Amino acid sequence: MSEYDRPSAPAGALRLHLNENTGGCSPAVFDVLQRLTRQHAAFYPDYDAAYAAVGDRLGIPPEWLLLTNGLDEGILATAAAALRDRTRPGAPQGITLLPAFDMYEICTEALGGDVVRVPLGANFAFPKTAILAAVTERTRVIFLTNPHNPTGMPIARRDLIEVAERVAPIRVLVDEAYADFGGETLVDRALIPSHPNLLVGRTFAKAYGLAGLRAGAVIGSPDALAPLRSIVPPYSLNSWAAAALPAAMADRAYVEWYRAQAEESKRMLTAACDRLGLRCWPSAANFMLVDAGARAAAIARGLAARGIQVRDKSKEAGTEGCLRITTGVVDHTRRLVSALEEVLCAAGE
Ligand SMILES: Cc1ncc(COP(=O)(O)O)c(C=O)c1O
């Protein structure tokens with residue numbers, strides 16, 4: 001059974017390995033947190049303001065929203081709701097892409113399901129036909145990510161909707177952890193009510209910089225969310241996260257700033273890869289996948305020796321030879337690029 005391999009980073013290292021907002025959260029959010037009292041720690045949280053603010057920001061009624069302890073919990077609840085479904089025959093299966101975010105596979109296995117991995121197509125193309133062909137009567141849930149992790153590449157909205165429609169009533173979770181940076185969203189008032197097998201995941205860990213507070217959301221029709229509500233514990237989101245969300249939703253300028261930083265960072269890293277002869281893929285997220293071939297692990301070590309952590313994916317199936325690098329705050333990307341040049345220069349390239 002797989003387990004999440006939680007990557008570490010030495011204190012003080014520049015963390016470009018987990019796609020976080022390395023600029024921190026909005027200062028307005030931090031002000032709110034600093035004003036919280038001992039009672040906030042002592043009392044169970046109230047969620048009304050957080051639901052209203054997030055619903056308003058996403059343009060949906062609060063009844064279409066389930067706030068979770070990070071999107072990880074939303075993935076776990078989706079897997080639990082789907083895999084316990086006894087209305088279909090056979091041992092339950094969950095479909096995930098290869099490569100994909102680890103938690104789909106981990107949660108499916110943890111809940112007793114079998115994992116079916118559908119490889120991405122050539123040049124990481126979305127394998128719509130292969131996904132549809134992989135569906136059997138045992139399939140209970142399909143996990144998709146847009147923009148995709150670890151490639152950063154966007155998936156066309158019409159392809160996602162087609163998959164959801166053709167496999168209904170099998171649940172489809174479209175994980176939009178990085179949708180704040182680009183790509184087309186399925187959080188849409190016209191779409192959600194007519195697609196009761198569709199769930200959309202969001203996180204406030206990335207663009208909003210709240211990874212340490214643990215705050216995510218699953219969006220779906222009230223009927224689609226009902227089985228998840230019965231699984232997620234009543235006070236799953238802690239008081240600090242609940243208090244932070246309204247302030248985070250209100251500070252649109254902060255998210256815009258970080259989105260613009262990510263755009264500029266992607267331009268800088270793409271240009272550096274061109275200069276250095278490394279292949280990379282266009283990303284709609286706040287990270288990029290870089291193909292460093294046989295040198296990948298040595299480059300990751302060289303960057304780590306210079307205080308920069310990147311995610312070495314070079315030994316993982318589907319991302320052989322690749323590094324995944326957060327492209328957020330421009331100053332941090334500048335440091336990365338000069339360290340990358342230094343490492344390759346030291347290696348005589
Ligand atoms: C695709 C994807 N989904 C979900 C998550 C988890 O989000 P959270 O931190 O809100 O649990 C991540 C985190 O890296 C991710 O990359």
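In this predicted model, a polar side-chain atom of D175 lies 2.5 Å from a nitrogen atom of the ligand. T203 also supplies a polar side-chain atom, 2.5 Å from an oxygen atom of the ligand. A further pair involves N149, where an N or O atom of the side chain is 2.8 Å from a ligand oxygen. On its own the ligand has 400 Å² of accessible area, and the protein covers 93% of it.

The surroundings of the ligand comprise 15 residues, with L71, D175, Y178, T203 and R214 as the closest. Sorted by class, this shell holds 7 nonpolar, 4 polar and 4 charged residues. Helix 4, which spans residues 71-83, gives the shell its largest share, 3 residues.

T203, one of the residues in polar contact with the ligand, falls within strand 7, residues 198-203. From here the description moves to the sheet. The sheet is open and is built from 7 strands in the order 2-8-7-6-5-3-4, with mixed pairing. Its edges are strand 2 (65-68) and strand 4 (114-119), each of which pairs on one side only. From one strand to the next, the twist averages 25°.

Within this order, strand 7 is joined to strand 8 (residues 216-219) by 4 bridges, and the two run antiparallel. V200 has I219 of strand 8 as its bridge partner. Helix 3, made of residues 48-58, lies across strand 2, strand 7 and strand 8. Relative to strand 2, helix 3 runs at about 120°.

Most peptide bonds are trans, and most residues other than glycine have a negative phi. Where does the chain depart from the trans form? Another cis peptide bond runs from N146 to P147, and its omega is near -10°. P147 belongs to the loop between strand 5 (139-145) and helix 7 (157-167).

The phi angle gives a further case. N19 is a residue other than glycine with a positive phi, near 60°. N19 is located in the loop between strand 1 (14-16) and helix 1 (27-34).

Methods
Residues numbered from 1 in each chain as written. Predicted model: local features only at pLDDT ≥ 70, side-chain atom pairs only at ≥ 80, totals over all residues. Heavy atoms only, no water. Pairing = 2+ DSSP bridges. Axes fitted to C-alpha atoms, helices over the stretch in contact; angles between N-to-C directions. Contact = heavy atoms within 4.5 Å. Near = heavy atom within 4 Å. Polar contact = N/O pair within 3.5 Å; in protein donor to acceptor, adjacent residues only side chain to side chain. Areas by Shrake-Rupley, 256 points an atom, 1.4 Å probe, with all protein chains shown as cover. Nonpolar A, V, L, I, M, F, W, Y, C, P; charged D, E, K, R; others polar.
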